[in-house]
Amino acid sequence: MFTPQEQEIFDELAPVVQGLGANVVDISWKVSHGIGQLHLIVFRKEGIGHKDLAEIHRVVAARIEVMTNCESISMELSTPGIERVIKNQWEYDLYLGKGIKIMLLDGNDWEYGVIQRVTDDSVIMLQSDENIKEFPRERIRKAKLDPQQD
């Protein structure tokens with residue numbers, strides 16, 4: 001999902017951000033006219049405040065300046081948002097206990113619930129009627145966070 005340079009930046013920054021108590025969810029990087037533009041999406045189950053984002057920005061800015069050859073760097077930090085589309089398989093683990101909606105490859109309707117457990121092969125969620133359903137990852141077409149299910 002990442003370009004090779006984004007993957008390199010992700011691999012470098014993810015442990016740094018984890019050391020600050022958060023997780024890197026997504027990253028985008030581009031260079032235009034010698035200016036690097038970094039967009040970093042970070043998450044923590046307990047939530048992230050302005051002070052947390054400021055600390056992450058301070059630490060990441062120093063690291064990214066060392067990693068790149070850009071004259072200047074523009075950085076944007078944000079959280080996943082309330083209806084984030086899940087782009088990476090490992091994100092399911094981050095969102096354990098969070099509301100989610102899943103659309104399967106062979107369906108046109110959303111399945112709603114709360115992520116209870118994640119395995120290598122499937123996502124298990126508790127639905128509002130107290131049923132537990134298992135969804136094989138290869139059958140998931142699209143998944144989004146759904147705060148109405150929290």
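**View 1. Isoleucine 64 in helix H2 of the predicted model.** Isoleucine 64 is part of helix H2, which covers residues 50-67; the model shown in this and the following views is predicted. Isoleucine 64 counts as buried because its relative accessibility is 0%, and the cut-off for buried is under 20%. Apart from neighbours within four places in sequence, isoleucine 64 is in contact with Ile9, Leu13, Trp29, Leu38 and Ile73. One of these residues, leucine 38, is 26 residues away from isoleucine 64 along the chain, and the C-alpha atoms of the two are separated by 8.9 Å.

**View 2. The open sheet of three strands, E1-E2-E3.** The strands of this open sheet follow the order E1-E2-E3, and their pairing is mixed. Strands E1 and E3 (72-78) are the edge strands, each pairing on one side only. On average, neighbouring strands in this sheet are turned by 15 degrees against each other, direction ignored. E1 and E2 run antiparallel and are joined by nine bridges. Within this pair, serine 32 has isoleucine 35 of E2 as its bridge partner. Helix H1 (residues 4-19) packs on the sheet and touches E1 and E2. The direction of H1 makes about 140 degrees with that of E1. Helix H2 lies across E1, E2 and E3, and runs at about 145 degrees to E3.

**View 3. Histidine 33 in the loop between E1 and E2.** The loop that holds histidine 33 lies between strand E1 (23-32) and strand E2 (35-43). Most residues other than glycine have a negative phi. Histidine 33 is not a glycine, yet its phi is positive, at about 55 degrees. With a relative accessibility of 78%, histidine 33 counts as exposed, since the cut-off for exposed is over 50%.

**View 4. The open sheet of five strands, E7-E6-E5-E4-E8.** In this open sheet the five strands are arranged in the order E7-E6-E5-E4-E8, with antiparallel pairing. Strand E7 (132-136) and strand E8 (140-145) are at the edges; each has a single partner strand, so one side of each has no neighbour in the sheet. From one strand to the next, the twist averages 45 degrees. Strands of a sheet pair through backbone hydrogen bonds, either parallel or antiparallel. Strand E4 (residues 99-104) pairs with strand E5 (residues 110-118) in the antiparallel sense, over five bridges. In this pair, glycine 99 has valine 114 of E5 as its bridge partner.

**View 5. Serine 122 in strand E6.** Serine 122 is located in strand E6, which spans residues 122-126. Its relative accessible area is 2%, and serine 122 is therefore buried. The side chain of serine 122 makes a polar contact of 2.8 Å with the side chain of glutamate 134. Leaving out neighbours within four places in sequence, the residues in contact with serine 122 are Arg117, Glu134, Phe135, Pro136 and Arg137.

**View 6. Glutamate 130 in the loop between E6 and E7.** Glutamate 130 is placed in the loop that lies between E6 and E7. Although glutamate 130 is not a glycine, it has a positive phi of about 70 degrees. Its relative accessibility is 59%, so glutamate 130 counts as exposed.

Definitions and conventions:
Residues are numbered from 1 along each chain as its sequence is written. This is a predicted model: local features need pLDDT of at least 70, side-chain atom pairs count only at pLDDT 80 or more; totals for chains, interfaces and linings use all residues. Side-chain values use heavy atoms; hydrogens and water are left out. Helices (H or I, at least four residues) and strands (E, at least two) are DSSP runs, numbered from the N terminus. Buried means under 20% relative accessible area, exposed over 50%, partly exposed in between (1.4 Å probe, protein chains only). Contact means heavy atoms within 4.5 Å. A polar contact is a pair of N or O atoms within 3.5 Å; within protein, one must be able to donate a hydrogen and the other to accept it, and residues adjacent in sequence count only if both atoms are side-chain atoms. Two strands pair if DSSP finds at least two bridges between them. Axes are lines fitted to C-alpha atoms, for helices over the stretch in contact, and angles run from 0 to 180 degrees between N-to-C directions.
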